[in-house]
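This report describes selected packing features of a single structure, shown below.

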Amino acid sequence: MTFTELKADQRIIRFSIAGILFLIILASVYYDPVNYKIADCSFKYMTGLSCPGCGLTRSFHAGANLHIAHAFAIHLMGPFFLLGFIFLFLKYLIESVTGKTIKLEIKRAVIKTVLLIIGITWAGFWISRMIYEML
């Protein structure tokens, strides 16, 4: 992990990003997507099957309210997205307060492997959910 100094405008930008992430996380606690619909899924409307993102908002909401098992049941990737948002919120908040960047040094091969695992998991979840919906 390496640290570098931030300029004042960079600190403000990071604090703003942290604020936006905080508002998204806070809204996901109080906004119940079951009671208030944003929009219908065009893919589901046309095919009758769930798209790869169907259920993410409900899963994010369940995870934000600490209903972890329910969040995983709705969408496998929802709790991971929530953890990613929380991690980024904390990172940008710490950077804006300390005035130093936090740079994690991760090898490119590790990043590619993790992204491949995420992609395969997401695709596998989507395919298995479509098969279940067709039965």
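## Aromatic pairs

The model is predicted. Phe81 has a relative accessible area of 33% and is therefore partly exposed. Its ring forms an aromatic pair with Trp122, with 5.5 Å from centre to centre and 80 degrees between the planes, an edge-to-face arrangement. Phe81 belongs to helix 5 and Trp122 to helix 6 (residues 108-134), and the pair links distant parts of the chain, 41 residues apart.

Six aromatic pairs are found in a search of the whole structure. One of them joins Phe22 and Phe89; the ring centres are 5.7 Å apart and the planes stand at 35 degrees, so the pair is tilted. Because Phe22 lies in helix 1 (residues 8-30) and Phe89 in helix 5 (residues 78-98), this pair ties together parts 67 residues apart in sequence.

The buried residues of the helix are Gly78, Pro79, Leu82, Phe89, Lys91, Glu95 and Ser96. Among the elements that cover these buried residues are helix 1, helix 3, helix 4 and strand 2 (100-103).

Lys91, one of the buried residues of helix 5, places its charged end over the ring of Tyr92, 5.1 Å from the ring centre. Just after helix 5, Gly99 adopts a positive phi of about 80 degrees.

## Helix 6

Helix 6 is made up of 27 residues and reaches 39 Å from its first C-alpha to its last, close to the 39 Å expected at 1.5 Å a residue. Phe125, Arg129 and Met130 are its buried residues. The cover over these buried residues includes helix 4 (68-74).

## Packing of helix 1 against helix 3

Two packed helices are described by the angle between their axes and the distance between the axes. For helix 1 and helix 3 (residues 56-64), the angle is about 90 degrees and the axes are 8 Å apart. Helix 1 is therefore roughly perpendicular to helix 3. Ile24, Ile25, Ser28 and Val29 of helix 1 make the contact with Phe60, His61 and Ala64 of helix 3.

Which residues does Ser59 touch, not counting residues up to four places away in sequence? They are Ala71, Ile74, His75, Gly78 and Pro79. Ser59 is located in helix 3 and counts as buried, at 0% relative accessibility. The C-alpha atom of Ser59 is separated by 9.8 Å from that of Ser28, and the two residues are 31 residues apart along the chain.

## The loop between helix 3 and helix 4

Leu66 is placed in the loop between helix 3 and helix 4. At 68% relative accessibility, Leu66 counts as exposed. Most residues other than glycine have a negative phi. The phi of Leu66, by contrast, is near 65 degrees, a positive value in a residue other than glycine.

Definitions and conventions
Residues numbered from 1 in each chain as written. Predicted model: local features only at pLDDT ≥ 70, side-chain atom pairs only at ≥ 80, totals over all residues. Heavy atoms only, no water. Phe/Tyr/Trp six-rings, centres within 6.5 Å; stacked < 30°, edge-to-face > 60°. Helix = DSSP H or I, 4+ residues; strand = E, 2+ residues; numbered from the N terminus. Buried < 20%, exposed > 50% of the residue type's maximum accessible area, 1.4 Å probe, protein only. Lys NZ or Arg CZ within 6 Å of the ring centre and 35° of its normal. Expected span 1.5 Å × (residues − 1). Contact = heavy atoms within 4.5 Å. Axes fitted to C-alpha atoms, helices over the stretch in contact; angles between N-to-C directions. Parallel < 35°, antiparallel > 145°, perpendicular 65-115°, else oblique.
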